[in-house]
Amino acid sequence: MSWSKQLETVQSGMMDFGAALPAVGEGFNALHEATTAEGALSMKHKELQALAIGISKQCVDCIGFHVKAAMEAGATRAEIAETVGVAILMGGGPAYMYGIKALDAYDEMAG
């Protein structure tokens with residue numbers, strides 16, 4: 001699986017959906033920007049939280065988007081790995097399998 005290609009495909013689908021229902025697309029984008037903005041928690045830490053939730057909810061596309069955003073916010077592979085560990089603690093074996101996908105995404109996008 002190419003993470004970059006997958007994210008491009010999903011982003012295109014999100015843009016198509018946003019064109020069909022602009023209020024929903026704009027609302028989601030506004031929510032995303034508001035919740036990931038720097039505050040008491042850094043953007044990096046918020047993206048790592050989102051990644052842990054994406055892993056525990058078994059959302060492959062969420063994993064890709066939040067690994068990429070966490071990297072852009074300065075997250076290291078070690079921080080991604082610890083985030084995977086927390087997700088495994090909370091989500092068990094399935095989170096382990098999806099956590100491996102998060103590390104694969106990091107390695108591909110870093111590489």
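**A friendly note on the helices, salt bridges and surface**

1. Let us start with Glu79, which counts as partly exposed because its relative accessibility is 23%. (Buried means under 20% relative accessible area, exposed over 50%, and partly exposed in between, with a 1.4 Å probe and protein chains only.) The model is predicted, so local features need pLDDT of at least 70 and side-chain atom pairs 80 or more, while totals for chains, interfaces and linings use all residues. Residues are numbered from 1 along each chain as its sequence is written, and side-chain values use heavy atoms, leaving out hydrogens and water.

2. Which residue pairs with Glu79 in a salt bridge? The partner is Lys44, with the closest N and O atoms 2.7 Å apart. (A salt bridge is a side-chain nitrogen of Lys or Arg within 4 Å of a carboxyl oxygen of Asp or Glu.) Since Glu79 sits in helix 5 and Lys44 in helix 3 (residues 43-56), the pair ties together parts that are 35 residues apart in sequence. (Helices are DSSP runs of H or I, at least four residues, numbered from the N terminus.) Lys44 counts as buried, because its relative accessibility is 18%.

3. The structure holds two salt bridges. Asp107 is partly exposed at 38% relative accessibility, and Arg77 is partly exposed at 36%.

4. Apart from neighbours within four places in sequence, Thr83 touches Leu48, Leu51 and Ala52 (contact means heavy atoms within 4.5 Å). Gly93 also has its place in helix 5, which spans residues 77-110. Gly93 counts as partly exposed because its relative accessibility is 43%. From Gly93 to Arg77 the separation is 16 residues in sequence and 21 Å in space, C-alpha to C-alpha.

5. Now for the other end of the chain. How do the axes of helix 1 and helix 2 cross? The axis of helix 1 (residues 3-20) and that of helix 2 come within 5 Å and cross at roughly 125°. (Axes are lines fitted to C-alpha atoms over the stretch in contact, and angles run from 0 to 180 degrees between N-to-C directions.) These two helices are therefore oblique to each other. Met14, Phe17, Gly18, Ala19 and Ala20 of helix 1 make the contact with Pro22, Val24, Gly25 and Phe28 of helix 2.

6. Helix 1 also meets helix 4 (residues 60-72): their axes come within 10 Å and cross at roughly 105°. The two are therefore roughly perpendicular. (Angles under 35 degrees count as roughly parallel, over 145 as roughly antiparallel, 65 to 115 as roughly perpendicular and the rest as oblique.) On the helix 1 side, the residues are Trp3, Gln6, Leu7, Val10, Gln11 and Met14, and they meet Val60, Asp61, Ile63, Gly64, Phe65 and Lys68 in helix 4.

7. Finally, have a look at Phe28, in helix 2 (residues 22-36). Phe28 is partly exposed, because its relative accessible area is 48%. Phe28 and Gly18 lie 10 residues apart in sequence and 9.3 Å apart in space, C-alpha to C-alpha.
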